[in-house]
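Hi everyone, thanks for coming.

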Amino acid sequence: MRRTRILARVATLLGAALALTAPLSAQAADPAPRAAGYAETTSVGVHNAYLQETFPYFADALDSGAGMLELDVWTNFFGSGWRVSHSNPFGNANNCENASSADDFRTGARNQSLAGCLRDLRAWSDANPGHRPILLKVELKDGFAANLGRGPAQFDALVRDILGDAVYGPGDLAAGHATLDEAVQAGGWPSRDELAGRFLIHLIPGTVEEGNPLDTLWTDVEYARHLRDSAAAGTLDTTTAFPAVHGAEPGDPRVSRYADATLRPWFVVFDGDATTYAGGIDLGWYADRGYLVVMTDAHAVPPAISATDPTEAQAASRVAELAAAGASVVSSDWHSLPSVLGTVLPRG
């Protein structure tokens, strides 16, 4: 029965998407609709958008229309600085160019550091004022390394120095509320229109970090502590990212995941496998509270479709299905389908 209801909702969402393309004259008599809240919509993300085989240049990823782009970052002592790569912990392997302006796009040397990727974001944003809000997903492959000068505070300083007020951060969302949880349950996420020209960042623990038995302080906990302590110190406005609860599970996963209850109100983004989320988890609980839900590997939800080259109809239908189920972001590797990547649907 649940599947039937979702499919019925998919048909409704697809109809709504088609209605957006109707001639303006046919809608002229209608009153202006209320701008959709960011947490009330579903957009589409691209996994590992920094890889050259995904997009030749990061500017191509930004031009794709995707609502979420992903970077993988390494911090360990095997290399210097913040490195962006998939499996090379020693250096950079990516499509970023360290552009100082849009004139530099697709002309410079690639394989830049995180700072270079952020400068591409800044240059692209400056050249595209009022652009769609873009969620930047950052996987800290091996976690923060505060002892090497690569901790949460240094991450914030780097991001703020390059992106400045183009970042919509925790301080913006809290806006006088005691915690992020309190803010979103009070309707704190702005509309998509109000987020025009802004980037949001969410952080997840990395695969190496999660598999390291000697690592007892993961990215999510370390950054949540940073937010809690920054709020207490009155410096929340200097922070830049939202830590995500990584991995889908029923109920409120913060309760079992974080023994320190003071950290739980700093998690309002949840990131996990689409198949698990769609397999019976109550996603209405997330939507009702204004939490963001990023569904990864959307292609694998039964019946599975291609992770890289589905038909446009297959990918669009999957996005609509997961939007109806309650996703905030539907993510896969559909980099060659710009018409799908630019999709924004009502959530739920």
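So, how many disulfides does the count come to? It comes to 1 disulfide, where a disulfide is a pair of cysteine sulfur atoms within 2.5 Å. Before I show you where, a quick word on what you're looking at. This is a predicted model, so local features need pLDDT of at least 70 and side-chain atom pairs count only at pLDDT 80 or more, while totals for chains, interfaces and linings use all residues. Residues are numbered from 1 along each chain as its sequence is written, and side-chain values use heavy atoms, with hydrogens and water left out.

Okay, back to the disulfide. C96 is joined to C117, with 2.0 Å from S to S. The pair links distant parts of the chain: C96 is in the loop between β3 and α3 (114-127), and C117 is in helix α3, 21 residues apart. Those labels are DSSP runs numbered from the N terminus, with helices (H or I) of at least four residues and strands (E) of at least two. The link is right-handed, with 100° about the S-S bond. Both cysteines, C96 and C117, are buried. Buried here means under 20% relative accessible area, exposed is over 50%, and partly exposed is in between, using a 1.4 Å probe and protein chains only.

Next up, salt bridges. Our rule is a side-chain nitrogen of Lys or Arg within 4 Å of a carboxyl oxygen of Asp or Glu. The count comes to 13 salt bridges. One of them is between K137 and D271, at 3.1 Å from N to O. K137 sits in strand β4 (residues 134-140) and D271 in strand β7 (residues 269-273), so this pair links distant parts of the chain, 134 residues apart. Are these two buried or exposed? K137 is buried, and so is D271.

Now look at R257 and E249, which also form a salt bridge, with their closest N and O atoms 2.9 Å apart. R257 counts as partly exposed at 28% relative accessibility, and E249 is partly exposed too, at 23%. There's also a network: D60, D63 and R106 are joined by salt bridges that share partners.

On to aromatic rings. Rings of Phe, Tyr and Trp (its six-membered ring) pair if their centres lie within 6.5 Å; planes under 30 degrees apart are stacked, over 60 edge-to-face, and the rest tilted. How many aromatic pairs does a search of the whole structure find? The search finds 16. Among them is the tilted pair of Y168 and W189, 6.4 Å centre to centre with 35° between the planes. Y168 lies in the loop between α4 (152-163) and α5 (170-174), and W189 in the loop between α6 (180-185) and β5 (199-205), so the pair ties together parts 21 residues apart in sequence. Y168 is buried at 5% relative accessibility, and W189 is buried at 9%.

Then there's F270 with Y286, an edge-to-face pair at 4.9 Å centre to centre and 75° between the planes. F270 lies in strand β7 and Y286 in helix α11 (residues 283-288), so parts 16 residues apart in sequence are tied together. F270 counts as buried at 1% relative accessibility, and Y286 is buried at 1% as well. Ring pairs link F270, Y277, W285, Y286 and Y291 into a cluster.
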